[in-house]
Amino acid sequence: MIVSGGGTGGHIYPALALIEELKKRGIAKNNEILYVGTKKGLESRIVPDQGIHFTTIKVQGFKRSLSLENFKTISEFIQSVQRSKKIVKKFKPDVVIGTGGYVSGAVVFAAARLHIPTIVHEQNSVAGVTNKFLSHFANKVAIAFPSVADEFPHKKVVMTGNPRAQQVAGMKPNDRLSEFGLDATIPTLLIFGGSRGAEKINQAFVEAAPAFSKRTYQVLFASGQVHYDAIQKQLADVQLGKNVVAVPYIQDMPEILPDVAAIVGRAGATSLAEITALGIPSILIPSPYVTHNHQVKNAQSLVDVGAAKMITEDKLDGASLLAAADELMSDADARQQMATAAKQLGVPDASDQLIAVMQELTD
Ligand SMILES: CC(=O)N[C@H]1[C@@H](OP(=O)(O)OP(=O)(O)OC[C@H]2O[C@@H](n3ccc(=O)[nH]c3=O)[C@H](O)[C@@H]2O)O[C@H](CO)[C@@H](O)[C@@H]1O
């Protein structure tokens, strides 16, 4: 199998979760799996760390408006398809799966041209540009939100959920918070802005940090790797309480999530798959910088059933973050109700469903 998806964690972790399940069930061995990404994307750090065979191609994203740069991009796309074809011909996979991001565009397109069975996985409630393009060539389009079905060729669509949901659904509380110097018996609020961090959320955290330090609940905050130095400088004059911990990135999120009482974060689709798989109450601050504002739609599906609260980014500052956090962390009953509502949206067998689609194509 060749897997390709990249740029941000939201496209990478579902692929890794699928790979983990395939290996666990003995369907594929490590040397039967190749991950194709880019050097620049987060995948070049995350995937090799997992011991998965990894190779890269060079790809560039399309600009929304027509520009000279686009011609360069088109020529690079053609080159990356050629390079992908070489990789596919050499590895000879039975199936190729794309989980989004520009890199998967080249790889899945190349495989489809070589008549290899292909699947694209769309995590979001609004179709990504790459997946929409690929849906014309791929054999199947696996989705995680029923509402996105209409954006793809009807006959190819299968609702599977997001494999990351199955990976976290089986996790139990295990006191991994102690590794951060926190006490797992005290309710803990996890704050992070998607896989790359979000400046506005980071800023609000810095403003609220002195007040968080006086609360009876704990706060674990991940700034995103690239923002960490700046955050440390800003926190230099703040006397952080023992109950507040700031880190650049949480490497092993599935191990941590069962121990957190609530989450403040973006509304990336893979984060939401985790939140609903485990039933974690959340305050969502959708990124306004994504295609067709899809994070608002992602978030709305949780808000509509009482599983989450939403703060729009323009209303976010230290005071509004603190007020929302205090409200949620002081009301265990409300958290329980939100947790129950969230869990009803979860798809804890998403990997099994996606594997069934793969097997159907390759049998
Ligand atoms: C800005 C952008 O383009 N965002 C998109 C991107 O988000 P992004 O890459 O932020 O994706 P998600 O929020 O969906 O997922 C983030 C993933 O990173 C993990 N994590 C995060 C922080 C950390 O410290 N450690 C860690 O492991 C989370 O547990 C989760 O598995 O892909 C998502 C899925 O297609 C889309 O819905 C988002 O709109």
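**Exercise 1.** Describe the shell around the ligand: which residues are closest, and which elements and domains contribute?

*Solution.* The model is predicted, so local features need pLDDT of at least 70 and side-chain atom pairs count only at pLDDT 80 or more, while totals for chains, interfaces and linings use all residues. Residues are numbered from 1 along each chain as its sequence is written.

Step 1. The ligand is surrounded by 28 residues, the closest being Thr 8, Gly 9, Gly 10, Gly 194 and Gly 268 (a residue is near a molecule if its C-beta atom, placed from the backbone, lies within 6 Å of it).

Step 2. Two or more residues of this shell come from each of α1 (9–24), α10 (269–278) and α11 (294–303) (helices are DSSP runs of H or I, at least four residues, numbered from the N terminus).

Step 3. Sorted by class, the shell has 8 nonpolar, 16 polar and 4 charged residues (Ala, Val, Leu, Ile, Met, Phe, Trp, Tyr, Cys and Pro count as nonpolar, Asp, Glu, Lys and Arg as charged, and the others, Gly among them, as polar).

Step 4. Domain 1 (2–167 + 348–361) and domain 2 (176–345) each supply at least three residues to the shell (the bounds come from an automatic or database domain assignment).

**Exercise 2.** Characterise the packing of α1 against α14.

*Solution.* Step 1. The axes of α1 and helix α14 (residues 350–362) are 10 Å apart, at an angle of about 75° (axes are lines fitted to C-alpha atoms over the stretch in contact, and angles run from 0 to 180 degrees between N-to-C directions).

Step 2. The two helices, α1 and α14, are therefore roughly perpendicular (65 to 115 degrees; under 35 counts as roughly parallel, over 145 as roughly antiparallel and the rest as oblique).

Step 3. From α1, Ala 17, Leu 18, Glu 21 and Leu 22 meet Ser 351, Leu 354 and Ile 355 of α14 (contact: C-beta atoms, placed from the backbone, within 7 Å).

Step 4. This contact of α1 with α14 has 5 nonpolar, 1 polar and 1 charged residues.

**Exercise 3.** Describe the contact between domain 1 and domain 2, and the part taken by α1.

*Solution.* Step 1. The C-alpha centres of domain 1 and domain 2 are 28 Å apart.

Step 2. Domain 1 gives 20 residues to the contact and domain 2 gives 17 residues.

Step 3. On the side of domain 1 that touches domain 2, α1 and α6 (163–169) each give two or more residues. The largest share, 4 residues, comes from α1.

Step 4. That side of domain 1 divides into 9 nonpolar, 10 polar and 1 charged residues.

Note on methods. Two residues are in contact if their C-beta atoms, placed from the backbone, lie within 7 Å.
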